[in-house]
Amino acid sequence: MDIIKNTKWSPGKVIELSSELEKPSPFYFGYDIEEKFVAQLEKYTPDKIFFFTEPHLFELYGKDIYKKLEEKFPCNLEFVPPGEKCKYFPVLEEMCENLIAKGASKKSILLAFGGGTVGNVVGLAAGLIYRGIRFVEIPTNMTSQTDSTLSNKQAVNGKTGKNHFGLYHAPIFIWADTKYLKSEPVCSRRSGIIEGIKNGFISDPSFLDYLEGVLNPENHFSDDEITELAYRIILSKLEILKRDPSEKHYGIVLEYGHTFGHAIEWLEEGKLSHGESVSFGMKIAAELAREMGFISHEDVERHYYLIENKLGFNRLLPEHITTEKLMDAMIADNKKTGEDLRFVILERIGQCCDPEGDYLITIDPQLVRRIITNFIERQNSKRSSQTSEMLGWKTKQSHSDVQVVTTRN
Ligand SMILES: NC(=O)c1ccc[n+]([C@@H]2O[C@H](COP(=O)([O-])OP(=O)(O)OC[C@H]3O[C@@H](n4cnc5c(N)ncnc54)[C@H](O)[C@@H]3O)[C@@H](O)[C@H]2O)c1
């Protein structure tokens, strides 16, 4: 595998990596590499291309690439509902029936052009039709380029939780062009970068040093910087996948902060992104590790510094989220494993605890409840002081307004 750091990212230069999974896929990466995509796809001699995307992504970038595809293959353009709304059974069912009606065959290729949601639902449809047809992912944002495409997990959401219905299905290749990252909204970009910060905490302290150097809360990056950042985050995940291509043993460490994060995301019903929810989850998991005597106060502070000061995820946990709601949501989510409350916990920065042989640690619910309560109390006291500051500022303002009026009179 071609692993080079501090690469000069000239437009058009393509680097070939591998997804490093049990069923690995070639992963092509670079800046402004669209020109070479069609030639790559031609190698697979598809009878038909079904191009799936969101309408705004088609307007932004999709139509150029679609036009080039149309010159070479019979093509069908298919729009999916934006964001998480596409990850539901009715959308999946319509998608699958539509594909059959429009003549999709085992020689066809489905193309997922968009973020993680588009990739997930198209990947699942591809896995189901005729027990599996081919698909290609063109990820267009930070999360999909550095995280979701580096996993063969395809899924839709159920009525009681995320990703409840799915399967493993590998794309024939992934084509990640960082040109698309430029238009990504800041919050969505932060949601992708947070997984990179997570990878540093669970496996590579030197990666955290790099992130501390390059991240800025405004998320301003040159084309070269954003490409290098995405590349480094990809490498940080590949290093973990290399140790566990099945994602069933050591790979579980990638779930750091996610048990709390998934529950927060679920309680927020889509108002908080996956990444921002995980950012709260990582802070709570760090507090838990400190309470258990594994990591220091400074290590916990490093979580807050990177997440809030450097990445800019500094909003407070929504007020309606209580300890009980969070505990109930986590227990409901755990139906998947049918187990007690088990967490990925840091032993030190760059290393996760492994007392039970599977990188998860069973923790007494009373301790978890106490840590969550303390976290929520601190969030609420920050909220009160922010409110008092705001009120003080407004009072000052209104006093000065009165003075102005008085002076005029
Ligand atoms: N399979 C896995 O291992 C895995 C890993 C991570 C995430 N996921 C899944 O991925 C989903 C989250 O992915 P996501 O954050 O990409 O969500 P998403 O697909 O909803 O994308 C987020 C937003 O970014 C927009 N967007 C995408 N590219 C853009 C661009 N170039 N310019 C402007 N806007 C752009 C989308 O329109 C959307 O509004 C979740 O459903 C999650 O479960 C799966």
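How much area is buried between domain 1 and domain 2, and what percentage of that area do carbon and sulfur atoms give? The area buried between the two domains is about 2,200 Å², and carbon and sulfur atoms give 66% of that area. These values come from a predicted model.

**Domains**

- The protein is divided into two domains, with domain 1 covering residues 15-184 and domain 2 covering residues 199-384.
- The contact between them takes 28 residues from domain 1 and 21 residues from domain 2.
- Taken over C-alpha atoms, the centres of domain 1 and domain 2 are 28 Å apart.

**Interface between the domains**

- The size of an interface is often expressed as the accessible area that is lost when the parts come together.
- Four salt bridges are counted between domain 1 and domain 2.
- Six residue pairs are in polar contact across the interface of domain 1 and domain 2, with both residues of each pair at pLDDT 80 or more.
- On the side of domain 1 that touches domain 2, the elements that give two or more residues are strand 1 (15-18), strand 2 (26-30) and helix 5 (142-148).
- Helix 5 gives the most to this side of domain 1, with four residues.
- By residue class, the side of domain 1 that touches domain 2 holds 10 nonpolar, 11 polar and seven charged residues.

**Surroundings of the ligand**

- There are 26 residues around the ligand, and those that come nearest are Glu54, His56, Lys87, Gly116 and Thr117.
- In the side chain of Lys87, an N or O atom lies 2.8 Å from an oxygen atom of the ligand.
- The side chain of Asn141 likewise has an N or O atom 2.8 Å from an oxygen atom of the ligand.
- For Thr140, a polar side-chain atom is placed 2.8 Å from a nitrogen atom of the ligand.

**Salt bridges**

- The count of salt bridges comes to 27.
- Another salt bridge is formed by the side chains of Glu265 and Lys162, with a distance of 3.0 Å from N to O.

Note on methods:
Residues numbered from 1 in each chain as written. Predicted model: local features only at pLDDT ≥ 70, side-chain atom pairs only at ≥ 80, totals over all residues. Heavy atoms only, no water. Domains from an automatic or database assignment. Contact = heavy atoms within 4.5 Å. Buried area = accessible area lost by both parts, 1.4 Å probe. Polar contact = N/O pair within 3.5 Å; in protein donor to acceptor, adjacent residues only side chain to side chain. Nonpolar A, V, L, I, M, F, W, Y, C, P; charged D, E, K, R; others polar. Near = heavy atom within 4 Å.
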